[in-house]
Amino acid sequence: MIKVLFVCLGNICRSPLAEAIFNHQINSLDLAYKFQSDSCGTSDYHIGELPDERSVASAKRHGIAISHRGRQLNHADIRDFDYIIAMDKSNKKNILQLMESYNLSHDRIYLMREFQPNASSNEVPDPYYGGEDGFENVYQILNESIKEFIVQLKKEHQVYA
Ligand code: 4NP
């Protein structure tokens, strides 16, 4: 099983949405036997909380259900996940700092938008303090990025489904 971890700051807006979109696309491709994902935040702000209702609504508009409780990135995640995908540069910096403090290394840490074809920026914007349109924008960015990420995962792991 290949394990993917999506990471943002609060683990209530972007990364639980990324997890839900990834799992939805993987299920549609009948690849759940091979790939699975989870999400977490670098902060402890929203541990145990349900995803932001605006993320839930944007997923629902696209026929996707989100099921997650907020949790914070920990050192076991660095050991256990094959891919770690940060939403923005500050998330990535925080991941690298945590790794340094535990003397851990990892060779597959990416920014989500490295996978988006023709991305206009390399960060998934934080929609927390914005409106509904910010969440729809995040949905579109994640959907496009994850689609291409899965294409690359399939190639890398020689899955020809
Ligand atoms: P997320 O969004 O990192 O996409 O979950 C945020 C959620 C909460 C906060 C910031 C960003 N906050 O400051 O509480």
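The legends below describe close-up views of a predicted model. Residues are numbered from 1 along each chain as its sequence is written, and side-chain values use heavy atoms, with hydrogens and water left out. Local features need pLDDT of at least 70 and side-chain atom pairs count only at pLDDT 80 or more, whereas totals for chains, interfaces and linings use all residues.

View 1. The shell around the ligand holds Cys-8, Leu-9, Gly-10, Asn-11, Ile-12, Cys-13, Arg-14, Tyr-45, His-46, Asp-126, Tyr-128 and Tyr-129; a residue is near a molecule if one of its heavy atoms lies within 4 Å of it. By class, the shell comprises 7 nonpolar, 3 polar and 2 charged residues. Here Ala, Val, Leu, Ile, Met, Phe, Trp, Tyr, Cys and Pro count as nonpolar, Asp, Glu, Lys and Arg as charged, and the others, Gly among them, as polar. The ligand sits in the largest pocket. Pockets are found on a 1 Å grid over the protein atoms alone, as open sets of points with protein on both sides within 12 Å along at least five of seven lines; a cavity is a set of points where a 1.4 Å probe fits but cannot get out, and lining residues have an atom within 4 Å of a point. A molecule sits in a pocket if more than half of its atoms lie within 2 Å of its grid points.

**View 2. Backbone atoms facing ligand oxygen.** A polar backbone atom of Leu-9 is 2.9 Å from an oxygen atom of the ligand. For Gly-10, the distance from a polar backbone atom to a ligand oxygen atom is 2.8 Å. A backbone N or O atom of Asn-11 is 3.2 Å from an oxygen atom of the ligand. Of the 350 Å² of accessible area that the ligand has on its own, the protein covers 92%. Accessible areas come from the Shrake-Rupley method with a 1.4 Å probe, and for residues only the protein chains shown count as cover.

View 3. Asn-11 belongs to the loop between β1 (2–8) and α1 (14–28); helices (H or I, at least four residues) and strands (E, at least two) are DSSP runs, numbered from the N terminus. Its phi is near 60 degrees, a positive value in a residue other than glycine. Ser-39 is placed in strand β2 (residues 35–41). The side chains of Ser-39 and Asn-11 make a polar contact of 2.9 Å. The side chain of Ser-39 also has a polar contact with that of His-68, at 3.3 Å. A polar contact is a pair of N or O atoms within 3.5 Å; within protein, one must be able to donate a hydrogen and the other to accept it, and residues adjacent in sequence count only if both atoms are side-chain atoms. Asn-11 counts as buried because its relative accessible area is 0%, and Ser-39 is buried with a relative accessible area of 0%. Buried means under 20% relative accessible area, exposed over 50%, and partly exposed in between (1.4 Å probe, protein chains only).

**View 4. Ser-58 in helix α2.** Ser-58 is found in helix α2 (residues 53–61). This serine is buried, at a relative accessible area of 0%. Ser-58 and Gln-140 are 82 residues apart in sequence, with 9.9 Å between their C-alpha atoms.

View 5. Phi of Asn-103 is near 55 degrees, a positive value in a residue other than glycine. Asn-103 is classed as exposed because its relative accessible area is 73%.

**View 6. Tyr-160 and Glu-156.** Glu-156 is part of helix α5, and Tyr-160 lies in the segment after α5 (132–156). Glu-156 is partly exposed, with a relative accessible area of 40%, whereas Tyr-160 is exposed at 73%. The C-alpha atoms of Glu-156 and Ala-18 are 20 Å apart, at a sequence separation of 138 residues. Tyr-160 and Ala-76 are 84 residues apart in sequence and 31 Å apart in space, C-alpha to C-alpha.
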